[in-house]
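Student: I'd like to learn how to read a protein model. Can we go through it together, one feature at a time?

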Amino acid sequence: MRKVIKWVVIAILVIFLGMQVYQPERTNPPVDETKTLFAVVTTPPEIRTVFERSCFDCHSHNTRWPFYSYIAPASWLVAADVHEGRKHLNLSMWGDYNTNKRVAKLDQICQEISDEKMPLKQYLLLHSSAALSKAEVDLICDWADEQREKLMASDTTESPAQK
Ligand code: HEC
């Protein structure tokens with residue numbers, strides 16, 4: 001029995017070490033300061049702080065990679081979230097979005113935080129300070145609504161933005 005346990009432990013160790021070979025990409029591409037959300041949209045400092053604190057790790061090029069993002073299998077999960085997060089909403093590349101996309105993303109931002117879908121649950125487990133208060137949700141939703149209306153009012157060239 002002892003022998004079996006010993007081999008099981010050795011096997012687990014070997015598998016764990018083997019997993020470390022597959023290192024995901026942990027990139028922070030350079031930020032073009034003229035294209036960030038803050039450069040393009042009027043963002044009061046108290047809203048900016050919330051984005052930086054609670055969203056930037058997955059939705060910008062300013063990701064802070066924690067120590068466990070270097071250890072498989074956590075590294076794979078963290079990298080996948082950042083990769084997916086940037087694909088859906090990249091606050092460092094806001095300037096590349098067209099008007100329709102900006103309108104849609106502003107709407108989604110309010111939706112996701114109101115439904116408590118963002119920040120992701122697994123992220124909040126390890127970053128409890130990233131949670132948004134009710135007041136912060138209201139603040140961002142009011143701001144997002146206002147910015148959306150401004151965009152829709154100014155946009156006469158493209159087809160009406162869809163919700
Ligand atoms: C731990 C990483 C992580 C954090 C932190 C995070 N998100 Fe996300 N976010 C994701 C991932 C992954 C997706 C894409 C998959 C999904 O929708 O669950 C996403 C999707 C989104 C989307 C797009 C939904 C769509 O329909 O395309 C919005 C909007 C969003 N997040 C807003 C936010 C906001 C606002 C914050 C901060 C308050 C935030 N997220 C924090 C990982 C994160």
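Student: Where is Glu116 found?

Tutor: Helices here are DSSP runs of H or I with at least four residues, strands are E runs of at least two, and both are numbered from the N terminus. Glu116 sits in the loop between H6 and H7. Its phi is near 55 degrees, a positive value in a residue other than glycine. Before we go on: this is a predicted model, where local features need pLDDT of at least 70 and side-chain atom pairs count only at pLDDT 80 or more, while totals for chains, interfaces and linings use all residues. Residues are numbered from 1 along each chain as its sequence is written, and side-chain values use heavy atoms, with hydrogens and water left out.

Student: Which peptide bond is cis, with omega near -10 degrees?

Tutor: That's the bond from Met118 to Pro119. Pro119 also lies in the loop between H6 and H7. Another cis peptide bond joins Ala72 and Pro73, with omega about 5 degrees, and Pro73 belongs to the loop between H4 and H5.

Student: Okay, on to disulfides. Which residues form a disulfide?

Tutor: The general idea first: a disulfide is a covalent bond between the sulfur atoms of two cysteines. The cut-off used to spot one is a pair of cysteine sulfur atoms within 2.5 Å. The structure holds 1 disulfide, formed by Cys110 and Cys141 with their sulfur atoms 2.1 Å apart. The link is right-handed, with 100 degrees about the S-S bond. This pair ties together distant parts of the chain: Cys110 is in helix H6 and Cys141 in helix H8 (residues 134-154), 31 residues apart.

Student: Now the ligand. Which residues come nearest to the ligand?

Tutor: A residue counts as near a molecule if one of its heavy atoms lies within 4 Å of it. There are 19 residues around the ligand, and Cys55, Cys58, His59, His88 and Met118 come nearest. For polar contacts, look for a pair of N or O atoms within 3.5 Å. A nitrogen atom of the ligand is 2.8 Å from an N or O atom in the side chain of His59, and an oxygen atom of the ligand is 3.5 Å from one in the side chain of Gln108.

Student: What is the make-up of the shell around the ligand, by class?

Tutor: Ala, Val, Leu, Ile, Met, Phe, Trp, Tyr, Cys and Pro count as nonpolar, Asp, Glu, Lys and Arg as charged, and the others, Gly among them, as polar. The shell has 10 nonpolar, 5 polar and 4 charged residues. Its largest share, 5 residues, comes from H6.

Student: What volume does the largest pocket have?

Tutor: A pocket is found on a 1 Å grid over the protein atoms alone: it's an open set of points where a 1.4 Å probe fits, with protein on both sides within 12 Å along at least five of seven lines, and lining residues have an atom within 4 Å of a point. Volume is the space filled by probe spheres set on the points, which are joined across faces, edges and corners. The largest pocket has about 460 Å³. Of its 21 lining residues, His59, His88, Leu89, Glu112 and Met118 are closest to its centre. The ligand takes up this space; a molecule sits in a pocket if more than half of its atoms lie within 2 Å of the grid points.

Methods: Polar contact = N/O pair within 3.5 Å; in protein donor to acceptor, adjacent residues only side chain to side chain.
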